[in-house]
Amino acid sequence: MNENSIVNHGISLALKAGVIFPIVWIVLSLIYGVSFFHSTLLGIALLLVSYVAGDMMVLPKMGNGAATFGDLIIGFLLLWGGLHLLGYDNSFGEALLTSALITFGEFFFHVWMLRTQFSHHHV
């Protein structure tokens with residue numbers, strides 16, 4: 001991995017974090033009362049899992065539609081399962097709302113990724 005790709009990953013992760021963290025903090029912590037620490041942990045997990053699986057693997061090969069749908073599924077399952085493991089029962093709605101809002105932002109993040117990071121791909 002060269003210095004340029006490290007910078008590109010850093011920029012991409014920072015932008016993706018700018019989508020994920022405000023949503024998990026507002027929806028989970030402010031609206032539903034999930035602790036800030038727990039919503040931050042879930043945000044970090046979602047950031048890393050969805051970046052590697054969705055943005056690095058699916059997006060360049062299958063395009064924005066597949067990556068966005070994958071982000072919805074990954075986000076929902078990770079948030080729902082994570083909330084349950086952290087002791088927040090009956091968190092289906094919280095996970096669904098949070099993942100849906102993040103997915104909306106992810107669509108536009110993917111457009112940016114395809115134009116700037118994967119411009120050599122014809123997707």
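**Helix packing and selected residues**

User: At what angle do helix 2 and helix 3 pack, and which orientation does that give them?

Analyst: In this predicted model, helix 2 and helix 3 pack with their axes 9 Å apart and at an angle of about 155 degrees. Angles under 35 degrees count as roughly parallel, over 145 as roughly antiparallel, 65 to 115 as roughly perpendicular and the rest as oblique, and therefore the orientation of helix 2 to helix 3 is roughly antiparallel.

User: How are residues numbered, and what limits apply to this predicted model?

Analyst: Numbering starts from 1 along each chain as its sequence is written, and side-chain values use heavy atoms, with hydrogens and water left out. Because the model is predicted, local features need pLDDT of at least 70 and side-chain atom pairs count only at pLDDT 80 or more, whereas totals for chains, interfaces and linings use all residues.

User: How are helices and their axes defined here?

Analyst: Helices are DSSP runs of H or I with at least four residues, numbered from the N terminus. Axes are lines fitted to C-alpha atoms, for helices over the stretch in contact, and angles between the N-to-C directions run from 0 to 180 degrees.

User: Is the crossing of helix 2 and helix 3 left-handed or right-handed?

Analyst: A crossing is left-handed if the near helix is turned anticlockwise from the far one by less than a right angle, and right-handed if clockwise. By that rule, the passage of helix 2 over helix 3 is right-handed.

User: How many nonpolar residues are in the contact of helix 2 with helix 3?

Analyst: Contact means heavy atoms within 4.5 Å, and helix 2 meets helix 3 through residues including Leu 42, Ala 45, Leu 46 and Val 49 on the helix 2 side and Ile 74, Gly 75 and Leu 78 on the helix 3 side. Ala, Val, Leu, Ile, Met, Phe, Trp, Tyr, Cys and Pro count as nonpolar, Asp, Glu, Lys and Arg as charged, and the others, Gly among them, as polar. By class, this contact of helix 2 with helix 3 has 5 polar and 2 charged residues, while the count of nonpolar residues is 14.

User: Is Leu 78 buried or exposed?

Analyst: Leu 78 belongs to helix 3 and, leaving out residues up to four places away in sequence, touches Leu 42, Ala 45, Leu 46 and Val 49. Buried means under 20% relative accessible area, exposed over 50% and partly exposed in between, computed with a 1.4 Å probe on protein chains only. With a relative accessible area of 18%, Leu 78 is therefore buried.

User: How far apart are the axes of helix 1 and helix 2?

Analyst: Helix 1 packs on helix 2 (residues 36-62) at an angle of about 140 degrees, which makes helix 1 oblique to helix 2. The crossing of these two helices is right-handed, and the contact includes Phe 21 and Trp 25 of helix 1 as well as Phe 36 of helix 2. The distance between the axes of helix 1 and helix 2 is 9 Å.

User: What is the angle between helix 2 and helix 4?

Analyst: The axes of helix 2 and helix 4 lie 12 Å apart, and the two helices are oblique to each other. Their contact is made by residues including Ser 50 and Asp 55 of helix 2 and Glu 106 and Phe 109 of helix 4. The angle at which helix 2 and helix 4 pack is about 45 degrees.

User: What is the relative accessibility of Glu 106?

Analyst: Glu 106 sits in helix 4 and, apart from neighbours within four places in sequence, is in contact with Lys 16, Val 19, Ile 20, Ser 50, Asp 55 and Asp 71. Glu 106 counts as buried because its relative accessibility is 1%.
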